[in-house]
Amino acid sequence: MRVRLILTLFTLLFIYGFSLSQDFTKILQEKIDRLPAGPQQVDLMVQLGKALQAEKPRQSIQTFDDALKLARSISYENGVTQAFYGLSITYFTSSRADKAIQTLEERLEYLRKTNNTNSLLDYYLLLAKIHGEEKNLIELRKYQNLSTSLQDRLVQVETEKKIATIEDKFQEVNAKVVQQKNQALADLQEQEAISLRRQLEISHLQTQTAELEKANAEKEQARLASENEAIQLEFSLNKKLQNRNRLIVIAGILLLLAGVIIQRFRIIQQRKLVDFEQQKSQKLLQIDRLKDQFLANTSHELRTPLHGIIGIAESLHDGLFHDDVKQRKGNLGMIISAGKRLNNLVNDLLDFSKMRNDDLRLHLKPVDIRAVVDVVMQINGSLASAKGIVLVNEIPPDVPVQADEDRLQQILFNLIDNAIKFSREGVIVATAEERSGCLEISIQDQGIGIASDRQHAIFEEFMQLDGDAERQQSGTGLGLSVTRKLVELHEGTISVLSTEGAGSRFIFTMPISTDQLPQENLKAKNFDTLVSLKDPSGPISEDDTEPLIDQNKIKILIVDDEPINQQVLENHLSKQHYEISSAMDGAGALKLIENGNSFDLVLLDIMMPHMTGYTVCQQIRKKYLASELPIIMITAKNQVSDLVEALAYGANDYLAKPFSKDEFLARIKTHLDLYSINSATTRFVPSEFLRALGYGTITDVRLGDHQEKDVTVFFSDIRAYTTMSETMTPEQNFKFVGAYVNRMGPIIKRFEGFVLQYLGDGIMALFLESADKAINAAIVMQTAIRRYNNGRTQRGRVPIVVGMGLHSGPLVMGIIGDTHRNDPATISDAVNVASRMEGLTTLFGAKILVTKATMERLEEPQHFDYRYLGKVLTKGKKEYVEIFEILGGESDERKAQKLQTKVQIEQGVKAYLENEYNLAIVKFNEVLDIDPDDEAAKYYLQKASAALNVMV
């Protein structure tokens, strides 16, 4: 009931309002008819036209036209202006903006000449409003500026009027002030006369007061004279007291200074004592640190050859190389070499202890120095050959020295082993020359050299150029110290000449023997000059690694600077039929990985030259998760802290040397099994997705985990796939889609992107790092599709066309689902925009479309050919998106055609966006004259023509 009543009231009010409007127009018309032709009639006609604007625009236009004619006939300019203004508003409200603009501009010139500022301001504001509705920005700004300047002028005129009024009021007030000033001056003169009389009276009183003060002053002077005598007496007494007090103070200060000096002396003595204790403590701490470092390095140095001996002996014991005599001899040679190396290390330790107690005795006899050098070079031959170093003995034969043969061999072993450690390649040469009854022997290498400020310290005990876990080379820190003392025991000297980066030359002297060499020694040790070449049966170095061909084999990378350690690991793995690659240092290992070689497991030593295993592991983890590439640290360091540090750097496991073969193979199998499981999971949840969430394996992920990333989103879709699929069976459809995505997925991976979803014939991928790589991936994919189409055409099949869209922006990646089912998902407006870009490729006849946001993220945009295709309004967005076509996806012929018309189409698009449709049509026709198949030009030509027809 209430609803009906309300509706009835609204209906009555509407009818009443409408009837009032009708009555008002009738009243105006009657008044117009009764009045004679004149300004009043014109004003009423303008009012009538305004009343008819909303409901009867045609009658309103006619009324304003009649008013205009009448106003002109009687020269009533204000009426003409009002009629023009009302007529323009009627045209504008009737969606005839161009007619409204024309009408207003027809009157503007007159208003400017007559300086009718008020009407001119109304006209400017109306023109600005009309151009604003029509989105004509240039004209809008023009009339906005005109109206603003005119308003400023009106304000200025009004201000000037107000200032003039204020000045008139000021003159009036000023006259009153002058009158009041004159009156005040008259009053002041009268007051001055009265003040003068009072001043005379005061002067008389002051004279009397002065006489009284003079008499009082004479009395005061007499009193002061008597007081002065008393003060002089008191002053003399005070002076005596001050002298006494001064003497007391000086004595106190002297006593205080003596106490300070004594205390200062005590403090200095205590400080010296504290400094001495601190230096002593620091020295002890340094010695303790050197002791720990020496024990750790010595342990490592002893374990390395010991591990090699045990490992190779186990392999031979298990029957490895039973039928290969050459391999068996090579392995036995490694055992012998490692044993001699271990023996020399032990000798250094024992000799160091004996020399500290002056208990080392030499057994001097004539020794063939050339033969001893040959023996030492043979012992170090395998280590040198593994690093590509050539050992050359240029010492002349039959030059005996008076020496202890074992100690001389020990000296040469330390120097040559040192030269090999600090050289990466080149030649190590041994030479000798007679000087003043002594033989001067030198060992020259082409290694890293020694800094000038460190050369004096290398012969000190426990001193190494690099002594901690980050050191470039191994060693105990005793070798050169023991060498120097052994040389000095032979009454010789040792020194070094070195240039950093250019190698070192160690020179030591030995006394020449006056006795002849025993004949049997000459026969046993008179070898030819030795040049150590690379053993083809030795371990594989970085340069010898063959390309990995068999994709089904398990590939293991061994990284160790000791050839014997590499040989042990290869022997243990040889029966498992793994594919083995090896590197002598961290740089070589990273190079193998960066060159595209894929590995299933890395066996990594910690203490290596130039780059520790920790650093290598850290670098590998920047590219591969622990689930993607397992790393097992294998080293002689066996402290718990070493294990913790290795795991902290990203290692999966840790093995301390020496270890048993069975334990080693069991751990290898465990990690390879885990790797297989993790590899299977990454086929469903990309490892890049897990890495973006901050996790290493799928088991770490929890429902609701998410991260926001700034990414480039890629969408692709096969055009007209539905039509194609209708001609194929379901099995054929499945095989076709599988073959297509199998070609596209690896390309995305190659450019550091990853596929998040395969959407049937479509692909959604993310590129987390580089927009350049995302576009390059799209271009390479289009190139692969063209090659694929060539094969389809040859087989009589229809070529496929794939559209690709890219957009860059923020995106939330996370895990959604319920407690029983989780799924990786992305939520972002960027995904919708990228999908829209892919959809627009059909409309514009493009292979690849990208947004302005992606173009702005390019590091090297000059490497891409592209053209600007304007703005589009994507679904669900209020702002336009600017788009570009990447021409690299086209064939060479189509790319050349589109580049030829790039300037014209971009000029046409610009003209279209600025509503200059005639110019746009001209430019698009120029494009089509050169390239009739340009779909973008056809699309914009149709849009521009339609817009021009609407305006006409």
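Start with helix α2, residues 39-52. Its 14 residues, at 1.5 Å a residue, should span 20 Å, and its end C-alpha atoms are 20 Å apart, so the two values agree. The expected span is 1.5 Å times one less than the number of residues. Helices here are DSSP runs of H or I with at least four residues, strands are runs of E with at least two, and both are numbered from the N terminus. Several residues of α2 are buried, among them Val 42, Leu 44, Met 45 and Leu 48. Buried means under 20% relative accessible area, exposed means over 50%, and partly exposed lies in between (1.4 Å probe, protein chains only).

This is a predicted model, in which local features need pLDDT of at least 70, side-chain atom pairs count only at pLDDT 80 or more, and totals for chains, interfaces and linings use all residues. Residues are numbered from 1 along each chain as its sequence is written, and side-chain values use heavy atoms, without hydrogens and water.

Now take in the whole chain. Its secondary structure comes to 28 helices and 20 strands. Of its 952 residues, 43% are buried. Contact means heavy atoms within 4.5 Å. Among contacts with a separation of 6 or more, 69% join residues 24 or more positions apart.

Move on to helix α21, residues 730-750. With 21 residues at 1.5 Å each, it should span 30 Å; its end C-alpha atoms are 31 Å apart, which agrees. Its buried residues include Phe 736, Tyr 740, Met 744 and Ile 748. Just after α21 comes Glu 752, with a positive phi of about 65°.

Two other residues also have a positive phi. Glu 491 has a phi near 60°, and it is not a glycine. It sits in the loop between α12 (479-489) and β6 (494-499). Its relative accessibility is 73%, so Glu 491 counts as exposed. Asn 915, also not a glycine, has a phi near 65°. Its place is the loop between α26 and α27 (917-930). Asn 915 is partly exposed, because its relative accessible area is 31%.

The largest share, six residues, comes from α28. By class, the lining has 19 nonpolar, four polar and 13 charged residues. Here Ala, Val, Leu, Ile, Met, Phe, Trp, Tyr, Cys and Pro count as nonpolar, Asp, Glu, Lys and Arg as charged, and the others, Gly among them, as polar.

Next, look at Thr 854 in helix α24 (residues 852-856). Its relative accessible area is 0%, so Thr 854 is buried. Beyond its neighbours within four places in sequence, Thr 854 is in contact with Thr 712, Ala 771, Ile 775, Leu 806, His 807 and Ser 808.

Last, the cysteines. A disulfide is a pair of cysteine sulfur atoms within 2.5 Å. By this rule the count is zero. Cys 617 is at 0% relative accessibility, so it counts as buried. Cys 438 is partly exposed, because its relative accessible area is 24%.
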